[in-house]
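Welcome, and thanks for opening your viewer. Please load the model below, show it as a cartoon, and follow along one selection at a time.

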Amino acid sequence: MRSESRKVSSEEDLYAAALHALMRRAHSSFELRIYLERRASEPASARRVLARLKEEKLLDDARYALDFARSRASGRRQGGRRIAMELRKRGVPDRHIDAAIAQVFSDLDEGAMVRKVIERRTRSARGPLDQRPFDRKKIASLYRTLLRAGFDPGVIRRELRAMPLPDPADDLPV
C-alpha cells in the first residue's frame, strides 16, 4: 500500500518535485496536475507550477502524445485505436491525439504491422514441425488479439484473409 505523499508548502519544492517526476518519465498535463495537487498544500501553487513548466516548454501535451504514439506503435506494435484510448485515459486532449495518430501512422504501414503480429503469433503457436493452417477457432482468437491491440478491423480481416484457410477435407478421418 502506498504511503501518504508528503505535502509541500513551498512552490520551489513543488517545482522540484515536478521536475523529478518528469525526469522519471514523461507526463501529460493532466497527470502532472493530479500529481502536483496531491503534493501541494494549496491548489493555487500547483497551477502556478504547471504554468511555469508549460512556459519553459518542459510540459507539452502535443509532444507527449506524439512520443507516446511513436513508442507504442513501433515498440509494442499497437494500433491507433489502442493508442488513442491510452492517451485519453492519460488526459491528453483529442486534438493532440488525432494529430499524433495521423502523423505516426502516415509513416507506418498498419497492414505490415498486422502481418508481423500474425507471423509472430503463428510461429509461436504452430512451431516448425506443424505447418498446417490455423482452424477457424484459432483465427477468431487471433482476430480478437489484434482488435485488443487496437488495429483497424478492416485491415485485420484483409490480412487474415491472406492466410491459408483450413481445407474442410482435412477434418475428415482417413
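This is a predicted model: local features need pLDDT of at least 70, side-chain atom pairs count only at pLDDT 80 or more; totals for chains, interfaces and linings use all residues.

Residues are numbered from 1 along each chain as its sequence is written, and side-chain values use heavy atoms, with hydrogens and water left out.

Now colour by burial. Of the 174 residues, 38% count as buried (buried is under 20% relative accessible area, exposed over 50%, partly exposed in between, with a 1.4 Å probe and protein chains only).

**Stop one: a helix pair**

Select residues 29-39, helix α2, and residues 43-55, helix α3. At what angle do α2 and α3 pack? The angle is about 145°, and the axes are 9 Å apart. Here axes are lines fitted to C-alpha atoms, for helices over the stretch in contact, and angles run from 0 to 180 degrees between N-to-C directions. To see the contact (heavy atoms within 4.5 Å), show Ser-29, Leu-32, Arg-33, Leu-36 and Glu-37 of α2 with Ala-46, Val-49, Leu-50, Leu-53 and Lys-54 of α3. By class, this contact has six nonpolar, one polar and three charged residues. Ala, Val, Leu, Ile, Met, Phe, Trp, Tyr, Cys and Pro count as nonpolar, Asp, Glu, Lys and Arg as charged, and the others, Gly among them, as polar.

**Stop two: the lining of a pocket**

Next, select Arg-25, Ala-26, His-27, Tyr-64 and Asp-67, which lie nearest the centre of the second largest pocket among its 14 lining residues. A pocket is an open set of points on a 1 Å grid over the protein atoms alone, with protein on both sides within 12 Å along at least five of seven lines; lining residues have an atom within 4 Å of a point. Helix α4 (residues 61-74) gives the largest share of this lining, six residues. The classes here are six nonpolar, two polar and six charged.

**Stop three: Arg-88**

Finally, pick Arg-88 in helix α5 (residues 80-89). Arg-88 is partly exposed, with a relative accessible area of 42%. Leaving aside neighbours within four places in sequence, Arg-88 is in contact with Asp-94, Ile-97 and Asp-98.

Notes. Helices (H or I, at least four residues) and strands (E, at least two) are DSSP runs, numbered from the N terminus. On a 1 Å grid over the protein atoms alone, a cavity is a set of points where a 1.4 Å probe fits but cannot get out, and a pocket is an open set with protein on both sides within 12 Å along at least five of seven lines; lining residues have an atom within 4 Å of a point.
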